[in-house]
Amino acid sequence: MGQPSLPTVPPLALPPPGPPAGSLQVRCAGCHGILAVAPGMTEFICPKCQLPQMLPPELLGAPPPRRPPPKAQGIDPTKIQLPCARCKAILNVPHGLARFNCPQCGVDLAVDLAKLQQYFPSVSSPASLVGFPPDPPEEINEAINRIPSFLPFSVAIDVEREEDEGGAIGETFTDYRPPRLSVGCPHPDAVVETSSLSAVQPPEPTYHLKIMDELDKSNALSCLQIETLVYACQRHLHYLQNGARAGFFIGDGAGMGKGRTIAGLIWENWQHGRCKALWVSVGSDLKFDARRDLDDVGASCIEVHALNKLPYSKLDSKAVGIKDGVVFLTYSSLIASSEKGRSRLVQLLQWCGSDFDGLVVFDECHKAKNLIPEAGSQPTRTGEAVLEIQARLPEARFVYCSATGASEPRNMGYMVRLGLWGAGTCFPQFQDFLGALDKGGVGALELVAMDMKARGMYVCRTLSYKGAEFEVIEAPLEEGMMDMYKKAAEFWAELRVELLSANTFLSEEKPNSSQVWRLYWASHQIVTSFAWARMLATSSKVPAAVRLAKQALAEGKCVVIGLQSTGEARTEEFVTKYGLELEDFVSGPRELLLKLVEENYPVPPKPDSLGEESVKELQRKRHSATPGVSFKERQRKTAKWNVTSDTDSFEESLSESDLESTESDEEFQICEICNSEEDKKLLLRCSCCARLVHPGCLVPPWTDLVSDDWSCYSCKEKTDEYFHARDAYVAELMKRYEASLERKTKILDIIRSLDLPNNPLDDLIDKLGGPENVAEMTGRRGMLLRASGGKGVIYQARSTKEVAMEMVNMHEKQLFMDGKKLVAIISEAGSAGVSLQADRRTLNQKRRVHITLELPWSADRAIQQFGRTHRSNQASAPQYRLLFTYLGGEKRFASIVAKRAGLSLSAFNYDNNYGKKALMMMYRGIMEQDPLPVLPPGCSSEEPATIQEFITYAKAALISVGIVRDTVICSGKDGGKVSGRIVDSDMHDVGRFLNRILGLPPDIQNRPVHSLFELFVSILDLTVHNARNEGQFDSGIIDIKANSIELQGSPRTVHVDNLSGASTVLFTFSVDRGITWESAKSLLEERQKDGVACANDGFYESRREWMGRKHFILALECSGSGGTYKIFRPAVGEALREMLAAELKSKYKKLSTIEKANKGWQDEYEVSSVQCMHGPKCKLGTYCTVGRRLQEVNVLGGLILPVWSTIEKALSKQVRQSHRRTRVVRLETTTNCQRIVGLLIPNAAIESVMEDLSGFQDVES
């Protein structure tokens, strides 16, 4: 028996070849090492951990001869040894046991076939097990009734996993109509609402609008907008437990007409005498949209005052004269202050007054979302200002308005007027509310939205994407761009090394503190400045965008191109340096790199050379540094001359000498060599050490003339040595300085020589006809234009004499909407709230083709960008063209966006908890701290060298983009390997990883063998898969679908909200999940009749028995799936997941006769109505639902937040892990199509939940 050495490979990797012929390779139950067991040996001791063990029965050929068992060492040879998934303890698992609890940590475990394969590396199917008998014929199947449940033919595990996942995720949106109001004209476009919200009814409307008659005549607001007005005003009549007036949240999507709705609210409050209002938004130019919306609803008499145009003095003073109307301001203005320290916030509070009960609107309120930031960050001033104004105006009527304001629970921290936490709720503080929602996941956030709607404080509708077209288009990297990108990426890697090396070289010279801080911040910029890569990726798509734009114009359409940034900073710096007239457009990547090197390259300071005057200065400093070298000697002589003086007089003489040192020197002048006072007039004073000497006492005697700066021989020698050393030191410093300067100059020359693309925005405008044909809506102040002669470009301000800077975007927008310009380019900063749809009220009603040159990684920002061209009252829905390259995973990202558009973009997001966990696992695997959980792309478990090669390659890539730091080359047994570290802040930063990989050369990014992005996605998929298997996956709201769903009895009300009257209700449903033989047979016959059936379609039975019975399924091949099958079971109907052909064949065999399938199907159908798949002895008894056809399902619906903590506490007591988590479900009754959404209460937990809820009021339905 030998133990071969193990390479560093993932757990699935096979050991290298080389064990003795005929030996069997197994994994040690203790240390997990690979052992080679000689033929015929069944019992052995691991040479590494000394653990006695034996081969499991599955690996035994013929039954071995009986022999005494090994001494008891905690290993039971009749069981298989498997590690716990949580605590990693080695457990003795009896064959046939599928689920159990770990005796050490208590976690609920299920034997997992996929993970078991690593304990039997050579096993790919049951028949491949050493010594395992082949499949027996049908007639002797009854003889085999004890097969381990962890083998591939276990049916119960499949069913149990599917049930732990909860169900399928159905359609996300349903058509919307006001459920309780029937006033106003229909909305001009189709509107939808999430299915969960549609299952909740808002409270009965009791408020009557004063402006209703006027709205009936003008039709200025649709029925949906009127509904918002009614519920907002109704909500404002209520007060929270802390005495503050309740607020309202408008969560309608982009383009729903929120601006006109706000104008309607202002007009309604005006009719009640509340003539002051605050309207806070994101851009000052949106003030003109506010003016338009007020005019549209008939409120032309209400003045709109732009706060940024007003002085900081009192608004209602005689000088300013604003007594009423709407003060329009931005979030930036809200935190602004004057040079004298006067605050806009204080100015507004003074104008409103402490008893202000008017309207305060936070439009696009997501700008205040960072009030409660992530750990380690500070709250923003904007969030704090929004919170303060709410605290200072308790009677004000607050309205929060944003399409993405509640995308994450943390972003709601400033919405204190909703009353979701605080006094009178089950969440004393916002952190308690946040913690509960974080545990509940996406489904919990949906429940919060449902609660808010049920209480009448929230509306959330969005325009349907019906009619909109999404197309993902590849922008191929041209050969020139490919070469350009490659050279730039390689140069960046070299530049980073050069900068870090220069930094290290300079730090050895012990720079002063200012240099240290400068280098510190420079090093941070070196590590994080990957904007150039994003610019290159964007620039590479410009040719494709131009081609698509010209094609759309030729088809009679108009074009909107979306950007995230404009490159204005680089352009302004270039213009400032070189003037207004340039040879060509500015290259953003080049200027960014130049700026980085010019400002941060560590060049040592240029040394200053000392002139002749410096000698005197040096002597002066020396003299001042040693005032009177012979002073102590003179003190000694003074003491001798005053021997008759007592101690006091001695001290007094010393004190007088200290105070009158000049007089003492004149009185006692002696030669420091001969100590004689003779020839005082001949004494020479050294200008350096101040010693007094006779010329004749010097050796050799001094005979020359004496200058003012005369110095003795010893001082002169020291001075000469100093100057000689100093000159050498200065020469060395100058050499280093010139070398660093030369390196810096060479680097700058290399950057200037790189063929890098122009600024994408300027390039697009130039190629699409210039500013005469392109409307620009961005935040930049100037632009570069092609000179009239065609040679060179000139810089020109966007504003003109006729159009001020603050009106430029509005002017450009109007030109586009009037059809005078058919191309519009918008940036994220300059287009917030801008409407560019094919509005029926405008001249330009051509269909919009929206081209996304840069797609943001954030779902919220993607929604905002799409909302610029998809809005209410449009003549046609837009066409979206999502451009992507193969860089940085853009293709996969864009594909998901296109697929999810119109449903829910929040479901796609790499930067979530699963993405962060996957990234950490990938980093730890690459750094060889843990095995990689999946095989890297292009690698093979049979060739461990390919895995090590990938790790080496990936580590080098991460080093080149600055993720791996402090790298060193190892010695010893790891000689040649590179080690380093990844800082904690990078370990979970998915956004940084996605941006950094753009800094790799294109061939590395695109090469499947070495794709870091593909590895990350594979680990992410595995992480999600494991979360599903463990019952921990947050999939949001789950649909419960069945053959029959009926309500049992009357719903039971367990709680009523005092403020809104909304109730919490317990529903009990009877669910029949099964599929009858007739229905299953019909499915197969229809496929055969339509001619789409394949040869493998049909009924199958399990190869092995489970609990003494065979199990039957119907398998239908999915069209175009390449070997995957839909599975239907008699007890649970259609399975959630599809099955691969290989898995199907290993677990089941196709039945040749329909009669046997009929009998087996119907028997299983009947048995499953009374028991679960674990049989009559299941430890959970009637509470177990695994494989049970007839079920009782309990759903707690209606208002959930008031009883949330009580339910959470009750569920935490459950035994099964899947029963402990809060799961939000949706179902619809078969008879009356009643839709219910709420918390699923497991049958095993219903008694505990109802007992804990007994403290609440029990109201009869």
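User: Hi! Before we dig in, what counts as a helix here, and how are helices numbered?
Analyst: A helix is a DSSP run of H or I with at least four residues, and numbering goes from the N terminus. Please keep in mind that this is a predicted model.

User: Thanks! Where do Lys1159 and Asp1163 sit, and what separates them?
Analyst: Both belong to helix 35 (residues 1154-1167), and because they are four residues apart there, about one helical turn separates them. Lys1159 and Asp1163 form a salt bridge, with their closest N and O atoms 3.0 Å apart.

User: Is Lys1159 buried or exposed? And how about Asp1163?
Analyst: Lys1159 has 55% relative accessibility, so it counts as exposed. Asp1163 has 38%, so it counts as partly exposed. Elsewhere, salt bridges with shared partners join Arg260, Asp296, Asp839 and Arg841 into one network.

User: How many salt bridges does the structure hold?
Analyst: It holds 37 salt bridges. One of them joins Arg780 to Asp762, where the closest N and O atoms are 3.0 Å apart. That pair links distant parts of the chain: Asp762 is in helix 23 (residues 760-767), while Arg780, 18 residues away, is in the loop between strand 24 (774-777) and strand 25 (782-786).

User: Are Arg780 and Asp762 buried or exposed?
Analyst: Both are buried. For another example, Lys1126 and Glu1134 meet through their side chains in a salt bridge of 2.8 Å, N to O. Lys1126 counts as partly exposed, because its relative accessibility is 34%. Glu1134, with a relative accessible area of 42%, is also partly exposed.

User: What does Glu268 touch, then?
Analyst: Leaving aside residues up to four places away in sequence, Glu268 touches Tyr207, His208, Leu209, Lys210, Ile211 and Cys233.

User: Okay, which residues have the most contacts inside the largest nonpolar core?
Analyst: They are Leu315, Phe362, Leu418, Leu420, Phe433, Met452 and Leu1196, in a core of 78 residues. Helix 11 (residues 430-454) gives this core its largest share, 13 residues. There is also a second, separate core of 38 residues, and Leu209, Met212, Cys233 and Leu265 are among its members. Two of those, Leu209 and Cys233, are also touched by Glu268.

User: Where does Thr1023 lie, and is it buried or exposed?
Analyst: Thr1023 lies in helix 32 (residues 1012-1029), and at 6% relative accessibility it counts as buried. A polar atom of the Thr1023 side chain is 2.7 Å from the backbone oxygen of Ile1019. Thr1023 also touches Tyr914, Lys917, Ala918 and Met921, not counting residues up to four places away in sequence.

User: Last one: what is the strand order in the open sheet of three strands?
Analyst: The order is 21-26-25, and the pairing is antiparallel. Strand 21 (581-582) and strand 25 are the edge strands, each pairing on one side only.

User: How many bridges join strand 21 to strand 26?
Analyst: Two bridges join strand 21 to strand 26 (residues 793-797). Leu582, for instance, has Val793 in strand 26 as its bridge partner.

Note on methods: Residues are numbered from 1 along each chain as its sequence is written. This is a predicted model: local features need pLDDT of at least 70, side-chain atom pairs count only at pLDDT 80 or more; totals for chains, interfaces and linings use all residues. Side-chain values use heavy atoms; hydrogens and water are left out. A salt bridge is a side-chain nitrogen of Lys or Arg within 4 Å of a carboxyl oxygen of Asp or Glu. Buried means under 20% relative accessible area, exposed over 50%, partly exposed in between (1.4 Å probe, protein chains only). Contact means heavy atoms within 4.5 Å. A polar contact is a pair of N or O atoms within 3.5 Å; within protein, one must be able to donate a hydrogen and the other to accept it, and residues adjacent in sequence count only if both atoms are side-chain atoms. Two strands pair if DSSP finds at least two bridges between them. A nonpolar core is a set of buried Ala, Val, Leu, Ile, Met, Phe, Trp, Tyr and Cys residues joined through side-chain atoms within 4.5 Å.
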